[in-house]
Amino acid sequence: PFAVTGGRRIAYKQKNPDGTWRLAVLDLATRQITHPAESRPVDDQPVWQNNTTLLYPVRNAANTLDVWSVGLTTPARLLIPQATTPSLS
């Protein structure tokens, strides 16, 4: 239910008080939780693209999914429209 990068950070979905889910990143050294610049609810667990960028699906206006990316310090951007889940091989 979470993604680990370099043994330093864990990315996961954190439940909001309204029942929706948002992205969260736990720094294992400091135990600090941060939230990437994505305010929309996420539908699935994030995947690390690299040490600073997360991939994750977001439901769009047509009620299908798009895959987005967001950096720990950069804004979210559409990566793959009409895709259900990120997968790296």
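Which residue of strand 3 is the bridge partner of Lys15? In this predicted model, in which residues are numbered from 1 along each chain as its sequence is written, local features require a pLDDT of at least 70, side-chain atom pairs count only at pLDDT 80 or more, and totals for chains, interfaces and linings use all residues. Side-chain values rest on heavy atoms, with hydrogens and water left out. The bridge partner of Lys15 is Trp21, in strand 3.

The secondary structure of the protein chain comprises 0 helices and 8 strands, where helices (H or I, at least four residues) and strands (E, at least two) are DSSP runs numbered from the N terminus. Read from the N terminus, the order of elements is β-β-β-β-β-β-β-β. The radius of gyration of the protein chain, taken over C-alpha atoms, is 12 Å, close to the 12 Å that the globule rule gives for 89 residues, so the chain is as compact as a globular protein of that length; the rule itself is 2.2 Å times the number of residues to the power 0.38. Along the principal axes, the C-alpha atoms fill a box of roughly 40 × 35 × 25 Å.

Of the 89 residues, 35% are buried, with buried defined as under 20% relative accessible area, exposed as over 50%, and partly exposed as in between (1.4 Å probe, protein chains only). The accessible surface of the protein chain, computed by the Shrake-Rupley method with a 1.4 Å probe, comes to about 5300 Å², and 53% of that surface belongs to carbon and sulfur atoms. Contacts (heavy atoms within 4.5 Å) between residues at least 6 apart in sequence include 27% that join residues at least 24 apart.

Strand 2, which spans residues 9–15, is mostly covered, 5 of its 7 residues being buried. This strand is joined to strand 3 (residues 21–27) by 7 bridges, and the two run antiparallel; strands are taken to pair if DSSP finds at least two bridges between them. The hairpin of strand 2 and strand 3 has 5 residues between the strands, and Gly19 there adopts a positive phi near 95°.

Arg77 belongs to strand 8 (residues 77–80) and is partly exposed, with a relative accessible area of 47%. Leaving aside neighbours within four places in sequence, Arg77 is in contact with Trp68 and Ser69. Arg77 and Glu38, although 39 residues apart in sequence, are 9.4 Å apart in space, C-alpha to C-alpha.
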